[in-house]
Amino acid sequence: MREIRVPRLWTNRALVVFSVIALFAHPLLAQEGVPGAPLTPLPVPNVPIAGSAQPDAPLPSGAIDADAPTPPAPGSLIVNVGDKPLQASTAIQILILMTVLSLAPALLIMVTSFTRIVVVLSFLRQALGTQQTPPNQVIISLALFLTLFVMSPVLDRVNNQALQPFLSKKIDQAEAFKRAQEPIRGFMLKQVREKDLTLFIEMSRIEPPKSPEDVPIYVIIPAFMVSELRIAFQIGFLVYLPFLVIDIAVASILLSMGMLMLPPVLVSLPFKLILFVLADGWYLVVGSLVKSFT
């Protein structure tokens with residue numbers, strides 16, 4: 001019979017994953033005890049050993065005890081799942097935390113200034129005609145740091161009003177989540193256009209809110225994203241205009257000189273770059289983006 005060998009790297013990874021699952025699932029680690037107290041050892045199943053008779057109820061040769069626990073297969077892993085509500089709630093919290101971490105990039109895009117910044121920077125690169133310069137990693141990194149700069153007052157309020165009291169166990173999770181929403185809601189309501197907000201309120205078929213605080217968060221987020229895309233396209237149009245003029249001028253000159261086979265984009269690229277550098281383009285673009293949120 002052909003022997004199948006599993007790569008050692010995947011075996012080690014599987015052992016690490018199962019060990020972590022066993023640590024979280026084991027009821028002894030979820031108990032609230034005195035720090036440093038010894039743990040109760042795991043119950044060892046009473047497995048009948050072949051060739052030995054049980055003292056209480058000897059079995060005839062060849063008979064199988066139906067009440068005896070089934071011995072584990074060689075190389076198997078036994079996970080003892082706890083039955084206490086505390087252990088179940090802890091497992092659910094870990095599952096929710098992992099889900100939130102996987103959705104963190106989407107949350108960053110939805111409720112912050114990242115959308116407007118990254119769209120404008122992409123328009124700038126296309127207007128320059130540099131194709132992949134700056135690369136996507138540079139644009140995303142610059143957009144992330146500009147987002148942190150713009151959102152720093154909001155993040156400070158979330159930290160002071162929700163995160164620190166929750167870590168100090170002064171408030172529970174529900175109250176911390178409610179307090180964390182207030183600064184983010186205020187930022188989005190300040191940037192959202194009233195027309196877009198009214199559109200999503202009508203489509204959600206809810207009662208007209210009496211104040212901005214009554215608008216649900218699931219209505220504010222899509223309206224905020226649509227408003228951010230509208231403003232980003234407006235800024236992108238203004239960024240495109242000077243470079244479009246250079247492209248038209250270069251194309252006209254080449255056409256008048258009879259150079260039909262020479263691409264105008266190739267000739268206009270140096271002129272666009274020197275114009276962008278002389279006008280201090282990064283200073284103007286980044287400054288306009290940051291000031292558009294104030």
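This report describes aromatic ring pairs and a nonpolar surface patch in a predicted model.

**Aromatic pairs**

A pair of aromatic rings is described by the distance of the centres and the angle of the planes. Across the whole structure, a search finds 6 aromatic pairs. One of them joins Phe-187 and Phe-293; because the planes of these rings stand at 20°, with the centres 6.3 Å apart, the pair is stacked. Phe-187 belongs to helix H6 (residues 173–191), while Phe-293 lies in the segment after helix H10 (281–291), so that the pair links distant parts of the chain, 106 residues apart. A further pair, formed by Phe-276 and Trp-282, is edge-to-face, with 5.4 Å from centre to centre and 85° between the planes.

The relative accessibility of the residues in these two pairs is as follows.

| Residue | Relative accessibility | Class |
|---|---|---|
| Phe-187 | 8% | buried |
| Phe-293 | 6% | buried |
| Phe-276 | 10% | buried |
| Trp-282 | 39% | partly exposed |

Trp-282 counts as partly exposed because its 39% falls between the limits of 20% and 50%.

Elsewhere, Phe-123, Phe-233 and Tyr-240 are linked into a cluster by ring pairs.

**Nonpolar surface patch**

The most is given by helix H2 (residues 85–102), which contributes 3 residues. Ile-92 is located in helix H2.

Notes: Residues are numbered from 1 along each chain as its sequence is written. This is a predicted model: local features need pLDDT of at least 70, side-chain atom pairs count only at pLDDT 80 or more; totals for chains, interfaces and linings use all residues. Side-chain values use heavy atoms; hydrogens and water are left out. Helices (H or I, at least four residues) and strands (E, at least two) are DSSP runs, numbered from the N terminus. Rings of Phe, Tyr and Trp (its six-membered ring) pair if their centres lie within 6.5 Å; planes under 30 degrees apart count as stacked, over 60 as edge-to-face and the rest as tilted. Buried means under 20% relative accessible area, exposed over 50%, partly exposed in between (1.4 Å probe, protein chains only).
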